[in-house]
Amino acid sequence: MIFLQILLLILGFVMLIKGADWFVDGSAGLARKMGIPQLVVGLTIVAMGTSAPEAAVSISAALNETADIAIGNVLGSNILNILIILGVTALIRSIKIQKSTLWIEIPFVAAISAVLILLGRIGGVVSLVDGIIILLLFVTYLTYLFVLAKKGKAKEEEPEEENVKPIKKKIWFQIILIIVGAVLIVFGSRVTVNAATAIAEAMHISERFIGLTVVALGTSLPELVTSVIAARKGNADIAIGNIVGSNIFNILFVIGLSAVITPVPYPETFLVDGIVSIAATLLLFVSVLKGRELKRVWGIVFLIAYAAYFVYLLF
């Protein structure tokens, strides 16, 4: 029985990852076919698409009244993104960081993490009003990205319009990709949540632990693969910006959207995990403060920190 649920969990992760991949490809291709600027595509469609697994799982979990997975997925993903993904990436190659990421985006992650704890602890639930507040912060963040890009400070890895390969696939094919990707995301989220819940019950493990570790890792696989491949190709400098951006989307887009659809309970047990996510963000800030570079030694520190956190979860 439990073996079947583990297979279903893996199947759910595969559906989420491939669904998000096809959804992003189809949406970006359709947007370019329609003449929508690459900048707009990158800041909206692609960015939201990479957060689609977290969003789908959290919304599905909230609707199924499994709040521990809904909140645990986001907090666990944010902690994993910094301590595991950046830790592993830094071991492969030291990572450079942009000035705006150091002084604006990283502190912003810490601030909105604190806001999430505050809103969650007031009444023990992230309500509709809270969701609207969080989504307004999300709109503010998107506005900041557009202003940053217009000032010519956009990330250097953004391809120039003339260097972008023309989209050869027809519009109908892009639409099919979008539809199939969306369907895989929806069904994948349901399979993942149901399997994770069943495993937790069968093994007498809390849904909080499953959400913070297994589900969080599964929905963070795209970021992990992207960052490691980028580091191996010598483009490790894009990793921190992408991870920080992902953490911002996880809180503002995923939790905000989930709360607008249905109130998301914020159990008291997640207070420590929320504090750990803030501590991980502050650790990242301190590690890159000198020379705006995440060196290999800090990668080791990050991995040790996550190991300590994992031991805490076990006990």
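This is a predicted model: local features need pLDDT of at least 70, side-chain atom pairs count only at pLDDT 80 or more; totals for chains, interfaces and linings use all residues.
User: Which residues is glutamine 5 in contact with, leaving aside its neighbours within four places in sequence?
Analyst: The neighbours within four places in sequence are set aside here. The contacts of glutamine 5 are then Asn194, Ala195, Ala198 and Ile199.

User: What span does helix α7 reach from its first C-alpha to its last?
Analyst: Helix α7 runs over residues 171-202 and has 32 residues. At 1.5 Å a residue, a span of 46 Å is expected. The helix comes close to that value, reaching 46 Å.

User: Which residue with a positive phi follows α7?
Analyst: The phi in question is near 55°. The residue that has this positive value is histidine 204.

User: Is serine 58 buried or exposed?
Analyst: Serine 58 has its place in helix α3, residues 52-63. Its relative accessible area is 1%. As the limit for this class is under 20%, serine 58 is buried.

User: Which side chain is joined to that of serine 58 by a polar contact?
Analyst: Apart from neighbours within four places in sequence, serine 58 is in contact with Ala70, Asn73, Val74, Val254 and Ser258. A polar contact of 3.1 Å links the side chain of serine 58 to that of asparagine 73.

User: At what angle do helices α4 and α11 pack?
Analyst: Two packed helices are described by the angle between their axes and the distance between the axes. For α4 (residues 67-92) and α11 (residues 296-314), the axes are 7 Å apart. The crossing is left-handed, and the packing angle is about 145°.

User: How many residues in the contact of α4 with α11 are nonpolar?
Analyst: On the α4 side, the residues include Ile79, Leu83 and Leu86, and on the α11 side they include Ile300, Phe302 and Leu303. The contact also has two polar residues and one charged residue. The number of nonpolar residues is 16.

User: What percentage of the residues in the protein is buried?
Analyst: The protein contains 11 helices and four strands. It has 315 residues, and the buried ones make up 49%.

How values were computed: Residues are numbered from 1 along each chain as its sequence is written. Side-chain values use heavy atoms; hydrogens and water are left out. Helices (H or I, at least four residues) and strands (E, at least two) are DSSP runs, numbered from the N terminus. The expected span of a helix is 1.5 Å times one less than its number of residues. Buried means under 20% relative accessible area, exposed over 50%, partly exposed in between (1.4 Å probe, protein chains only). A polar contact is a pair of N or O atoms within 3.5 Å; within protein, one must be able to donate a hydrogen and the other to accept it, and residues adjacent in sequence count only if both atoms are side-chain atoms. Contact means heavy atoms within 4.5 Å. Axes are lines fitted to C-alpha atoms, for helices over the stretch in contact, and angles run from 0 to 180 degrees between N-to-C directions. A crossing is left-handed if the near helix is turned anticlockwise from the far one by less than a right angle, and right-handed if clockwise. Ala, Val, Leu, Ile, Met, Phe, Trp, Tyr, Cys and Pro count as nonpolar, Asp, Glu, Lys and Arg as charged, and the others, Gly among them, as polar.
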